[in-house]
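Work through the exercises below on aromatic rings in a predicted model. Try each task before reading its solution.

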Amino acid sequence: KFEEIYLPKSAPNIYNLAIGKIKNINSILEFGCNNGVNLEYFMKRNKKLSTVGIDINPIAKELEKKFRQYKGYVSDENILEKFDVNQFSLSFTSSVLDHIPDEKNVKNILMNLSHISKFVILNEPFLDGVVGDVSDKYRYQVKSGLVDRRKSFAKYSYFWNYDKYLEELSLNYEKIHNPLYSFSMGPYYYLYIINTKNFKNSR
């Protein structure tokens, strides 16, 4: 199963980074939570944690049956504007922004997550010098010098320049290489931990 490949380096690494860098985590939002497997990992380790999951798939509601402290919303990025400034200790995405085809939309999501959260963690792929749609392209077609250059990227795969976007928003961040698997965009994932303390962008 995909979760058996993906989860071991996704949820635990996000969780360990969060508890290592952030004090007093009491509320978390995951944008693009799917079935909530990442949030479930958090809640099993902190039963007092208030969590929110957002996804366009109705499966986002399923965890409400297992955890009282969880609320699922079936929605897209527009719902982010309904939350208050710094409402969450942490918001995060994991392999979500790399499937959004519009750069402006990605930047708006980053801005809104930074507006409603004290910290933001991204678990997303980054490849220096590559921006935009790489769907079904071989690695050698995208950038020279890549390992296993004839392997191809999956459909609906997009690289975005998070370094640039975060710097444009004057956000402080740390970046840690976090390869998830060998196929598609897997080798190029990074964990970004973003401190929004000095974020002054208003809606």
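**Exercise 1.** Name the residues that ring pairs link into a cluster.

Solution. The cluster consists of Y15, Y41, F42 and F92, joined by ring pairs. The model is predicted, and the count of aromatic pairs comes to 16.

**Exercise 2.** Classify the aromatic pair of F153 and F159, then decide whether each residue is buried or exposed.

Solution. Step one: the centres are 5.6 Å apart, and rings pair if their centres lie within 6.5 Å. Step two: the planes of F153 and F159 stand at 90°; over 60 degrees counts as edge-to-face, so this pair is edge-to-face. Step three: buried means under 20% relative accessible area. F153 has 1%, so F153 is buried. F159 has 0%, so F159 is buried too.

**Exercise 3.** Classify the pair of Y162 and Y192, and state where in the chain each residue lies.

Solution. Step one: the ring centres are 5.8 Å apart and the planes are at 65°, so Y162 and Y192 form an edge-to-face pair. Step two: Y162 belongs to helix α6 (residues 162–168), and Y192 belongs to strand β9 (residues 189–195). The two residues are 30 residues apart, so the pair links distant parts of the chain. Step three: Y162 is buried because its relative accessibility is 0%, and Y192 is buried at 0% as well.

**Exercise 4.** Over which rings do the charged ends of K71 and K175 sit?

Solution. The charged end of K71 lies over the ring of Y73, 5.5 Å from the ring centre. For K175, the ring is that of F126, and the distance to its centre is 3.6 Å.

Key: Residues are numbered from 1 along each chain as its sequence is written. This is a predicted model: local features need pLDDT of at least 70, side-chain atom pairs count only at pLDDT 80 or more; totals for chains, interfaces and linings use all residues. Side-chain values use heavy atoms; hydrogens and water are left out. Rings of Phe, Tyr and Trp (its six-membered ring) pair if their centres lie within 6.5 Å; planes under 30 degrees apart count as stacked, over 60 as edge-to-face and the rest as tilted. Buried means under 20% relative accessible area, exposed over 50%, partly exposed in between (1.4 Å probe, protein chains only). Helices (H or I, at least four residues) and strands (E, at least two) are DSSP runs, numbered from the N terminus. A charge sits over a ring if NZ of Lys or CZ of Arg is within 6 Å of the ring centre and within 35 degrees of the ring normal.
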